[in-house]
Amino acid sequence: MPSSVFYVQACPACGRSLQVRVDYLGKGVACQHCHANFVAQQESRTPSPSESGLALLDRADELLKAVEKARREKERLDGRSALDGSSSNGSSSNGSTRAGSTHGKSAVADASK
């Protein structure tokens, strides 16, 4: 006599995992724990949004937005400190920016070209 094939289904009433014979698919069965009656049916295997990567893409979008917001805030603060003359990132007190070595030329003269 061949052995029976089972699948696992959660009881819709109590949520416990039940081993149900494949022979009972589409038929009424009762949970052995809570005695609730339900129709045995195998779940369709449709991937959930988290399995399909949508949740991961949404999280990546959130992180990119947070990085962009932090970058804009840093630029805003850097611009404010450059106006105060307290910046140490190569900006002069008049707001002009040095770009590498000027070879004896002033940064203001380079910026006016």
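Modeller: In this predicted model, Cys 31 has a relative accessible area of 1%, so the residue counts as buried. A disulfide would need two cysteine sulfur atoms within 2.5 Å. By this rule the count of disulfides is zero. Cys 31 is accordingly in no disulfide, and its nearest cysteine sulfur, that of Cys 14, lies 3.8 Å away. For Cys 34, the closest cysteine sulfur belongs to Cys 11; the separation is 3.8 Å, which is too far for a bond. Cys 34 has 35% relative accessibility and is therefore classed as partly exposed.

His 35 sits in the loop that runs between strand S3 (28-30) and strand S4 (37-39). Its relative accessibility is 60%, so His 35 counts as exposed. The backbone at His 35 has a positive phi of about 65 degrees, although the residue is not a glycine. Most residues other than glycine have a negative phi.

Another residue to look at is Gln 9, which belongs to strand S1 (residues 6-10). With a relative accessible area of 8%, Gln 9 is buried. Its side chain makes a polar contact, at 2.9 Å, with the side chain of Tyr 7. Setting aside neighbours within four places in sequence, Gln 9 is in contact with Arg 16, Ser 17, Leu 18 and Val 20, and also with Phe 38, Val 39, Ala 40 and Gln 41. Of these partners, Phe 38 and Val 39 fall within the residue range of strand S4 (37-39).

Terms used. Residues are numbered from 1 along each chain as its sequence is written. This is a predicted model: local features need pLDDT of at least 70, side-chain atom pairs count only at pLDDT 80 or more; totals for chains, interfaces and linings use all residues. Side-chain values use heavy atoms; hydrogens and water are left out. Helices (H or I, at least four residues) and strands (E, at least two) are DSSP runs, numbered from the N terminus. Buried means under 20% relative accessible area, exposed over 50%, partly exposed in between (1.4 Å probe, protein chains only). A polar contact is a pair of N or O atoms within 3.5 Å; within protein, one must be able to donate a hydrogen and the other to accept it, and residues adjacent in sequence count only if both atoms are side-chain atoms. Contact means heavy atoms within 4.5 Å.
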